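This briefing is meant to be read with the structure open beside it. Please follow each group of points on the model as you go.

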Amino acid sequence: MRAPDTDLPIVLSGITVKAGAVTILDGVTQTIAAGAPTVLIGPNGAGKTTLLRVVMGLAKPDAGSIVWGNRDDAAKVRRAIVFQRPVMLRRSAAANIAYALGAAGVPRAQHETCIAELLSLVGLDALATRPARKLSGGEQQRLALARALARDPSVLLLDETTASLDPAATKAIEDIIRAVAGRGVKVVMSTHDLGQARRLGGDVVLMHRGRVIEHGPAAQFFAQPKTEQARAFIAGELLV
Ligand SMILES: Nc1ncnc2c1ncn2[C@@H]1O[C@H](COP(=O)(O)OP(=O)(O)O)[C@@H](O)[C@H]1O
Ligand SMILES: [Mg+2]
């Protein structure tokens, strides 16, 4: 579980996404390098989810390019994404992971070992046989992380994974993100929780109206924002 050198950095150049007359991403140029999580922040509608979908390959840019490390074929990059409201299959927690392993092409003989490892990584060992839809919100998010990790991704994309979770559930997710990043998986995540961006961020990308406003190391971004918009956003003022 780590990002091969060949997959990073992810170099986004002039990524533009339109929906009809609306420009959702407006020429995003951003390099996402190896290291601690890259955290996307910004007001609702800034384009964070759309950018994650583009990186995942779920949305096709109208203009611009993405280059992954020194690969010529992005399809080979092992990516996984966890959405804000993951949909659980109507079966046990373990069976949800088994399904993901099958979809990722992991041989059936390895499933039992992989399921045990993944459940342990996300702290759900005791809930393996529990129907997934009966898990709490935080547990479902942890299961969603385990399912995503079943693909053995080199890049893990997380969209507002802790939105609507309480502090204890949020901490459990943050601990998993730290563990996964510590194994060398590149995490790219969006959050509306600035404390979380500070706690987890290697670097922070502030987006507004489909553009990158400011990018920098997390500590520097929060202590010495370079733009008025970043200063205002950190201060809790509304960016409109
Ligand atoms: N398929 C779509 N058609 C029209 N507008 C869209 C579509 N998808 C997203 N948008 C709009 O694009 C903007 C950016 O959306 P999004 O990427 O979800 O931002 P964020 O995740 O930062 O809140 C929002 O104003 C949203 O309403
Ligand atoms: Mg979003």
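Predicted model: local features only at pLDDT ≥ 70, side-chain atom pairs only at ≥ 80, totals over all residues.

The domain assignment gives domain 1 as 1-78 + 153-240 and domain 2 as 88-151.

- The contact between them takes twelve residues from domain 1 and eleven residues from domain 2.
- On the side of domain 1 that touches domain 2, the largest share, six residues, comes from helix α5, which covers residues 167-182.
- That side of domain 1 divides into nine nonpolar residues, two polar residues and one charged residue.

- When neighbours within four places in sequence are left aside, Ile97 is in contact with Ile115, Leu118, Ala146, Arg147 and Ala150.
- Ile97 is one of the buried residues of helix α2 (residues 93-103), where Ala93, Ala94, Asn96, Ala98, Ala100 and Leu101 are also buried.
- The buried residues of α2 pack against α3 (111-121) and α4 (137-149), and α2 is followed by Gly105, which has a positive phi near 80 degrees.

**The surroundings of ligand 1**

- Ligand 1 is surrounded by Ala19, Val22, Ile24, Gly42, Asn44, Gly45, Ala46, Gly47, Lys48, Thr49 and Thr50.
- Both β2 (22-32) and α1 (48-56) supply at least two residues of this shell, and the largest share, three residues, comes from α1.
- By residue type, the shell around ligand 1 divides into four nonpolar, six polar and one charged.

**Backbone details to look for**

- Leu8 and Pro9 are joined by a cis peptide bond with an omega of about -5 degrees, and Pro9 is found in the segment before β1 (10-19).
- Asp152, although it is not a glycine, has a positive phi of about 50 degrees, and this residue is found in the loop between α4 and β6 (155-159).
- Asp152 counts as partly exposed because it has 15 C-beta neighbours inside 10 Å, whereas a buried residue would need 20 or more.
- Glu160, another residue other than glycine, has a positive phi near 50 degrees and is found in the loop between β6 and α5.
- Glu160 has 19 other C-beta atoms within 10 Å, so it is partly exposed.

Notes:
Residues numbered from 1 in each chain as written. Chains lettered and ligands numbered in written order. Domains from an automatic or database assignment. Contact = placed C-beta atoms within 7 Å. Helix = DSSP H or I, 4+ residues; strand = E, 2+ residues; numbered from the N terminus. Nonpolar A, V, L, I, M, F, W, Y, C, P; charged D, E, K, R; others polar. Near = placed C-beta within 6 Å. Buried ≥ 20, exposed ≤ 12 C-beta atoms within 10 Å, placed from the backbone.
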